Amino acid sequence: MAVIRQQDFIDSIEDSLQYISYYHPLDYIKAVEKAYNMEQSQAAKDAMAQILINSRMSAEGKRPLCQDTGIVTCFVKVGMAVQWDKTDMTVQEMVDEGTRRAYLNPDNPLRASIVSDPAGKRINTKDNTPAVVHVDLVAGHHIEVMIAAKGGGSENKSKMVMLNPSDDIADWVVKTLPTMGAGWCPPGMLGIGIGGTAEKAGVLAKESLMDPVDIQELMDRGAVTTEEKLRLDIFKKVNALGIGAQGLGGLTTVVDIKIKSMPTHAASKPVVMIPNCAATRHAHFHLDGSGPAVFEPPKLEDWPKVTWEVSQDTRRVNLDTVTKEDIKQWKVGETVLLSGKMLTGRDAAHKRIQTMLDNGEGLPEGVDLTNRFIYYVGPVDAVGSEVVGPAGPTTATRMDKWTDMMLEKTGLIGMIGKAERGPATVKSIAKHQAVYLMAVGGAAYLVSKAIKKSRVVAFADLGMEAIYEFDVVDMPVTVAVDSTGANAHETGPAIWKVKIQEASV
C-alpha cells in the first residue's frame with residue numbers, strides 16, 4: 001500500500017508548472033521543426049522560426065514561453081489502494097497550493113490571469129487559483145497526474161456541437177475551424193471529444209491534448225480504429241484549408257489531431273473541439289510514495305538551430321516620428337521593424353478609456369495617443385535585470401468593440417496584437433487610414449528582448465492590464481491590415497488553399 005505525502009504532491013504540482021512554463025514538450029518542437037522545413041509560405045515560415053527560436057530562448061533562460069501562462073487544468077487519477085499521510089486537504093486544495101507556489105515563485109513569477117466573480121466584477125485572484133481539477137478513482141497503488149497550463153487565446157476558441165447521429169464529424173470540424181480565426185496561435189493541435197454527454201465530451205477533448213504528438217507514426221503504420229481513421233481524415237482536411245501558422249496562410253495549420261471518445265445516447269452525438277496553441281504546455285507524472293516527481297531538463301542540443309533574419313531592405317520605423325502619411329506606404333504582408341515608444345492596453349484599459357471619454361474626462365494624465373501605436377499585451381513581471389518579462393501579443397479581436405472609438409477620438413494611428421480583426425474593424429481601419437500590425441503569438445520571450453525600457457503610465461491598479469510605455473528597438477511585426485483595408489488573414493489563407501488544392505490534383 002503506497003502512502004503519498006501531501007508535501008510530495010504539492011511540490012510535484014509546483015515543479016511541473018514551473019517546468020512547463022519554459023520547456024516545450026520535445027515532440028511538439030520536432031513537429032513544428034518538420035512543418036518549418038517543409039513550409040513554402042514565407043510569412044508562415046517566418047512565424048514558425050520565431051516560435052522555435054523563442055522556445056529555445058525560454059528553455060535557456062527558464063522564463064515563460066508565453067506571457068499568458070494559462071489556467072491550470074489537472075487530471076488526477078488516484079489509485080484505490082493509495083493512502084495519504086495527512087487528510088486535512090482535498091486534492092483540489094493540494095493542486096491549488098502547488099499552483100499558488102508555482103505562480104508566485106520569485107525566480108520565475110508566472111502571470112496570474114484567473115479572475116473570481118466571472119459574471120460580475122472579475123477580480124484577479126492574484127495567485128492563478130483555483131485550478132480546474134478532475135479526479136478519478138482507479139485501480140492501483142499510485143497516483144497519475146496530467147497537468148496543463150492553457151492560454152486564454154486558444155481556450156476561447158473551443159467549440160461544442162450536438163450533431164445528429166448521421167452527421168459527419170470531419171465535415172463539422174472543417175466547416176468550423178475557419179470561423180475560429182487565428183487567436184489560438186496555430187500551428188498547434190486539435191483535441192476532439194466525442195460521445196458521453198455535452199460536459200463529458202469537453203473533458204474528453206481537453207484530456208486528449210495531454211497525449212504526445214504521434215500523427216506521423218500513425219501515418220507510417222496505418223489507421224486501424226475508427227478514431228485513428230478520423231484523426232488522419234481531419235488532419236489532411238484541416239491542413240488543406242491553407243490557414244497556416246498564425247493564420248497567415250501556409251501548408252501546416254495543425255501538427256496533430258487528438259481524439260477521445262466514449263459511448264453516448266442513441267439519439268446523440270456530442271462533439272467538442274479544443275485547440276492547443278503554439279505554447280503547448282503539459283506534463284505527465286506518477287507518485288508512488290517514494291518522493292516527489294522529478295522533471296529532467298531536456299537537452300538543448302535537441303532544439304533545432306533555426307535562425308531568423310530580416311532582409312536589408314526591411315522597413316524600419318521610428319515610432320516617435322511616424323505619421324499617418326508614412327503608414328500609407330506600408331503594404332499588407334510586409335515585415336516592419338519598430339523602434340521608439342509605444343503604449344500598451346488591453347480589455348480593461350480600453351473599457352476604462354471609453355468610460356472616461358464618455359464622461360468628458362478625456363484621456364488619463366500622461367497618456368497621449370496622437371500619432372501613436374498601442375500594443376495589446378499583458379506582460380509577465382520582470383525578474384533580475386529584465387526590463388519586462390515575456391510580453392507577447394494578446395488576441396486583437398477582443399479590442400474590436402473599442403477600435404472605432406479609439407481611432408475616432410484619441411488620435412491613435414496603429415495597433416499591434418495577434419491574429420485577425422473582425423470585418424467591421426477592418427472597415428474602421430481603412431476609414432481612418434490606420435494600420436494593424438501582427439506580432440507572433442507564442443514568441444513572448446523573444447518579443448520581450450526588443451523592449452529596452454518599460455514604465456507604467458496609467459491605471460496601475462489594473463496590474464498586467466495597466467497602460468505601459470515600452471521603448472522598443474527593432475521589434476518585428478507583420479502588416480496584417482494596411483491603411484486601405486487589405487487584410488493578410490483573408491488573402492493569405494485564400495491563396496494557400498488554392499495552391500494546396502492545385503498541388504493535390
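1. The buried residues of helix α7 are covered by elements that include β2 (71-79), β7 (143-150), α5 (152-155), β9, β10 and β11, where contact means heavy atoms within 4.5 Å. Those buried residues of α7 (residues 198-208) are Ala 201, Gly 202, Leu 204, Ala 205, Lys 206, Glu 207 and Ser 208; buried means under 20% relative accessible area, with exposed over 50% and partly exposed in between, for a 1.4 Å probe and protein chains only.

2. This is a predicted model, in which local features need pLDDT of at least 70 and side-chain atom pairs count only at pLDDT 80 or more, while totals for chains, interfaces and linings use all residues. Residues are numbered from 1 along each chain as its sequence is written, and side-chain values use heavy atoms, with hydrogens and water left out. Helices (H or I, at least four residues) and strands (E, at least two) are DSSP runs, numbered from the N terminus.

3. An open sheet is formed by four strands in the order β8-β11-β9-β10, with mixed pairing; two strands pair if DSSP finds at least two bridges between them. Because β8 (159-162) and β10 (254-264) stand at the edges with a single partner strand each, one side of each is left without a neighbour in the sheet. From one strand to the next the twist averages 15°.

4. As to the individual pairings, β9 (residues 188-196) and β10 run parallel and are joined by nine bridges, with Asp 256 of β10 as the bridge partner of Met 189. β9 also pairs with β11 in the antiparallel sense, over six bridges, and here the bridge partner of Gly 193 is Val 272 in β11. The pairing of β8 with β11 is likewise antiparallel, over four bridges, and Lys 159 stands opposite Met 273 in β11.

5. Which residues of β11 are buried on each of its two faces? Pro 270, Val 272, Ile 274 and Asn 276 are buried on one side, and Val 271, Met 273 and Pro 275 on the other, so that both faces are covered. In a regular strand the side chains alternate between the two faces of the sheet.

6. Helix α6 packs on the sheet, where it touches β8, β9 and β11 (270-276), and its direction makes about 45° with that of β11. Helix α9 lies across β9 and β10 and runs at about 140° to β10. Axes are lines fitted to C-alpha atoms, for helices over the stretch in contact, and angles run from 0 to 180 degrees between N-to-C directions.

7. α6 (residues 169-176) and α9 (residues 226-239) also pack on each other, at an angle of about 25° and with their axes 10 Å apart. That angle makes α6 roughly parallel to α9, since angles under 35 degrees count as roughly parallel, over 145 as roughly antiparallel, 65 to 115 as roughly perpendicular and the rest as oblique. The contact is made by Ile 169, Ala 170, Asp 171, Val 173 and Val 174 of α6 and by Leu 230, Asp 233, Ile 234, Lys 237 and Val 238 of α9.

8. A further helix pair is α1 (residues 6-22) with α4 (residues 91-103), packed at an angle of about 45° with their axes 8 Å apart; α1 and α4 are therefore oblique to each other. Residues making the contact include Phe 9, Ile 10, Ile 13 and Leu 17 of α1 and Val 91, Met 94 and Val 95 of α4.
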